[in-house]
Amino acid sequence: MDSGACYTNQSFVDDEGSARSSARRVTPCAASGVVLNIQGLKAAADESDVPPLQCRARFRELLLGDQPSQNEDRVHVEFYVNENTFKERLKLFFIKNQRSSLRIRIFNFCLKVLTCVLYIIRVMTDNPAQLRNTCVKCNSSSQNNEINWELIFWVDRKTPVWAIQVIVASISFMEAMLLMYLSYKGNIWEQMFQVSFLLEMLNTAPFIITIFWPTLRNLFIPVFLNCWLAKHALENMINDLHRAIQRTHSAMFNQVLILICTLLCLVFTGTCGIQHLERAGRNSLSLFNSLYFCIVTFSTVGFGDVTPQIWPSQLLVVVMICVALVVLPLQFEELIYLWMERQKSGGNYSRHRAQTEKHAVLCVSSLKMDLLMDFLNEFYAHPHTQDYYVVILCPCEADSQVRRVLQIPLWSQRVIYLQGSVLKNQDLLRAKMDDAEACFILSSRNEADRMAADHQTILRAWAVKDFAPNCPLYVQILKPENKFHVKFADHVVCEEEFKYALLALNCLCPATSTLVTLLVHTSRGQEGQQSPEQWQRMYGRCSGNEVYHICLSDSMFFREYENKSFTYAAFHAHKKYGVCLIGIKREDNKSILLNPGPRHVMAAGDTCYYINITKEENSAFTVRQEAHQGKNRGHCDILNSPSGLPVHSIIASMGTVAMDFQNTSPTGDTAKLAPPAENGLGSRRPSIAPVLEITDSASLLPCDLLSDQSEDEAAHSDEDVPSASECMKGYPPNSPYIGSSPTLCHLLLQKAPFCCLRLDKACEHVSFEDAKAYGFKNKLIIVSAETAGNGLYNFIVPLRAYYRPRRELNPIVLLLDNLPDEHFLEAISCFPMVYYMVGTIDNLDSLLQCGVLYADNLVVVDKESTMSAEEDYMADAKTIVNVQTMFRLFPSLSIITELTHPSNMRFMQFRAKDCYSLALSKLEKKERDKGSNLAFMFRLPFAAGRVFSISMLDTLLYQCFVKDYMIPITRLLLGLDTTPGSGYLCAMRVCESDLWIRTYGRLFQKLCSTSSEIPIGIYRTESHMFLPSESQYSVSSEGWSDTKETKGDEPKVLTRSSSGSDQSEHPLLRRKSMHWTRRLSRRAMKRSDSSFFSSLPKHSASRRSEREELTELVRNRMQHLGLHTGFKDVSNLTASDVMNRVNLGYLQGELNDQQNSLSYVLVNPAPDTHLQLNDVVFLIRPDPLAHVPAEPPVRTHFKESRPDTPEMNQV
């Protein structure tokens, strides 16, 4: 076979699918290799039976390029060839590589420390007597000289010590020369004259010379100066260590280390230098004495017992002191600067503390004192969080107020402030976010651009989730359209959703905002207990009620009601323990149901949600046996205790709660309620049907989902109420944002055109141009807002929910500063009686056109453009002044105002000379000094539900850390979420025909037995009667009041019209209240009786003239706008005209001059609380889609019940 021949291998496929190969000799090749015979392959392909490749295979072969061209040249390119040189490899090992460079630094540091240790050994083994036989020219020295210079230049160095020092010096010399070579950059002199290089040469070159010149082996070499080289090596080593382990924010540690090393080097240099120079004097010093002298000298103590005797050592001391005076202040200045910067940034939260202690992180863009105190007070209000630390991560520097708060011992040990950004992993690592128990991310609601604030919050939430995926997130968002970006968070509170839903329910259920605020704040019910005012004590005690949960099988409250209906358990738990059961959660279902109704049967695995002063685990129970009274009395008097009051839960204000209840043991199948006899006769109060343990399913009829209960109740339909042919019940077709919960609502069959939604402009469909022309029968609800945001949609939905009777729907007018966009109009066009107009509340014409005279409620929403102000708390200035103006113009109009800062609510309906408001201000200050979280609760506008601030609901997010069910329950109460089978919040008013029920406990039974509704609180209004003068005259005239109290016909200066027995039966309590009010007033106006009464007519006349002037102003504007006034003919007034005149104050006469009212909320009052006329009871009504009772539910008044009904109450 020829060596130059080439062969080609060919493979063929048989028909059976097997492959065979053949080799064919071809012409010799000029060069070695394989030559592909294309022609032979083509011939073989023609001869074989193998079919040609399909088009798909040919295309794939073309794409893969399996047969490259032989003429294609390939070039191998090598990268980083400059690093292959010997110098670059040495530089990579000694300098660039972090780990190898760190090892070199550590080795160099050890060498320097070793040289210092060898110097100390040499000093300790030194014998100056042997120097005469070894040193050069020793005999020429005279022994009579004061300084023996021979002992300065020559030392006694032992051979082993010399050998080791030579070896160490040689290694150090070669290393120094190598590093000088590697770091050479063109200027050799700059490197040679570095201090570190000069010290290295001074301590290494002489030892190398002694190898070749043995007579110089005892030459003194200042090896102790290597301590400065060791300090330099340590600094480099720490820097390399930080680079290797990626440690950051260690400038403080570095500076402290440098300072300590500088001090050690100064002391060591001075000790060794003085000890060596003092060898030449008469009295030499040991190393210890020299060290003692240096410490005493540098500490400025200066005992003087050890001092240098010769001038060289004295000169060295002077030099060392000068160096210390220059070096140390610079080091201390740098250290103080870093310390101040660290105080601003907050330092780090150590990993050891994060792993051994629990902490939560609060992330905010800017921190104010109010926000900080609200968070800390609510977070630490629970015993579960007492051992937690709070780490605040904020990009801004803490202001002076926040720093003062954090310096309080109560917070300084538990709160750590870190200045940093959540978007930086280094700052998250400083806060140890991955070990945190929770992370709270709050939005900056005072920003002018709230959308930008939400975007920042979203990025913060994403950053935390990326860095610590397992950390629970509690996020506060402002705009509802941004909520879906953070739906991965464990708990999300959308501010505008809750705000508008609360304001909407305030129009239907008065003071809903106050009710919810009291429920989401942690309190022990101690507020106002020292006040002589009865309403303040009752209001403060009931404010301590909160929502808790417990499993039914573990509960003392509810376990006896297993296999009983929910309504039965709710009524008897309230009667026996004073707790209000509001909802449950099935063991196999994650949804919470509020008042599921009598069909729900309590199971052992149910989670019960109830309202009480404290949770059951902190309660103690005491069973009291009641003596049976009467011979033939075989039942227990359930409602009468030895004190004459019904037995209910007596809740303590602090610590463990003691609950007294009696052991009821009925002798028969039924026990009869024995009401006390009236007027000494045997007549009884009307009976109330018992609450059944298990409701008969046959008595519960299915509900027609599309029917309206109001149609059956009302025999007639009003003209303004949309008829059944115009309305339907369904889900809104257009949601303005992603994430809104679908709610069944009253809808129009056909969407209203956009032009018909404009109230103040006529169109081709509607010719009306003001609210008067529409002729609404129900009172209007006006909402004043800056823009029609997506959150305003949540104001409309609760007012158009399917469970609201259609005949009771109130027209809604949106008074907007700016025109709404088409997307918002598209969303609201499906709702009946919803209109908008462009205007502001500071424009009287806009208010009159939108129908303020025919409105029942005016809701003033805080404007985004005014939320930020240069001066704190001034953001509400414009809103407060505008509302005060409307209050003076329309005194009977119910105005609900939203404020940015809760502390500004004291300016609502402000009276400059109202001593009662001044007394409430004093009470607020006292409660704040006691550490109350609800110090503002006694302000009359807040107690009455007339003012609201969304910041008061920040505690809702904070409470979710301990009570993870608070957000779902609040959303169900406000109607933001709808769950099948869950009830909703509503209200009923107690009229005169309902007073036969008398107590709240009997009302509870009446509602549970008839309509299955659960009452949770009372909104009570009491009236204050004043003389026709300013309140300061009636309150501050002590002498006049005291003299009149002794007479029988005394004028009542301050009384409360109340149907209860608390105020009317205790005149002494009113007298104490008067004295308390006088005592709190700062300036008492001392007037005589004659001057006081002489001033009354004049002052009353001035007030009437002011009212007439305001009324004339409104009437002139109405005439200018072409609005009908209807003031002249009083005999032909319509309902709208009456409402008009009432709002203007015409029909009030002198009543407005004499009467002021106060309102407040009682959350879960005691069963023996007496009902009063016009009390509004908050109810949780069962879902009408779930079931409807056989009998129509009892509504606001019970007209079918008569006080003389002779029935017996069955229990």
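A: A residue counts as buried under 20% relative accessible area, as exposed over 50%, and as partly exposed in between, with a 1.4 Å probe and protein chains only. The model is predicted, so local features need pLDDT of at least 70 and side-chain atom pairs count only at pLDDT 80 or more, while totals for chains, interfaces and linings use all residues. Residues are numbered from 1 along each chain as its sequence is written, and side-chain values use heavy atoms, leaving out hydrogens and water.

Q: What makes helix H33 (residues 1000–1010) largely enclosed by the rest of the structure?
A: Helices (H or I, at least four residues) and strands (E, at least two) are DSSP runs numbered from the N terminus. In helix H33, 10 of the 11 residues are buried, and it is therefore largely enclosed; among the buried residues are Tyr-1000, Arg-1002, Lys-1006 and Cys-1008. Just after H33, Ser-1012 takes a positive phi of about 60°.

Q: Why is the pair of Tyr-380 and Trp-411 called tilted?
A: Rings of Phe, Tyr and Trp (its six-membered ring) pair if their centres lie within 6.5 Å, and planes under 30 degrees apart count as stacked, over 60 as edge-to-face and the rest as tilted. By this rule there are 38 aromatic pairs. Tyr-380 and Trp-411 lie 5.8 Å apart, centre to centre, with 35° between the planes, so the pair is tilted. Tyr-380 lies in the loop between helix H14 (369–379) and strand S4 (389–394) and Trp-411 in helix H16 (residues 409–412), so the pair ties together parts that are 31 residues apart in sequence. Both Tyr-380 and Trp-411 are buried, and ring pairs link them into a cluster with residues including Phe-375, Tyr-474 and Phe-961.

Q: What makes the charged end of Arg-217 count as sitting over the ring of Trp-162?
A: A charge sits over a ring if NZ of Lys or CZ of Arg is within 6 Å of the ring centre and within 35 degrees of the ring normal. The charged end of Arg-217 sits over the ring of Trp-162 at 4.0 Å from its centre, and that of Lys-963 sits over the ring of Tyr-548 at 4.2 Å.

Q: Why is Cys-396 called partly exposed, and why does Cys-727 count as buried?
A: Cys-396 is partly exposed because its relative accessible area is 36%, whereas Cys-727 counts as buried because its relative accessibility is 5%.

Q: Why does Gly-851 count as buried?
A: Gly-851 counts as buried because its relative accessibility is 0%. Gly-851 is found in the loop between helix H27 (844–849) and strand S22 (855–860).
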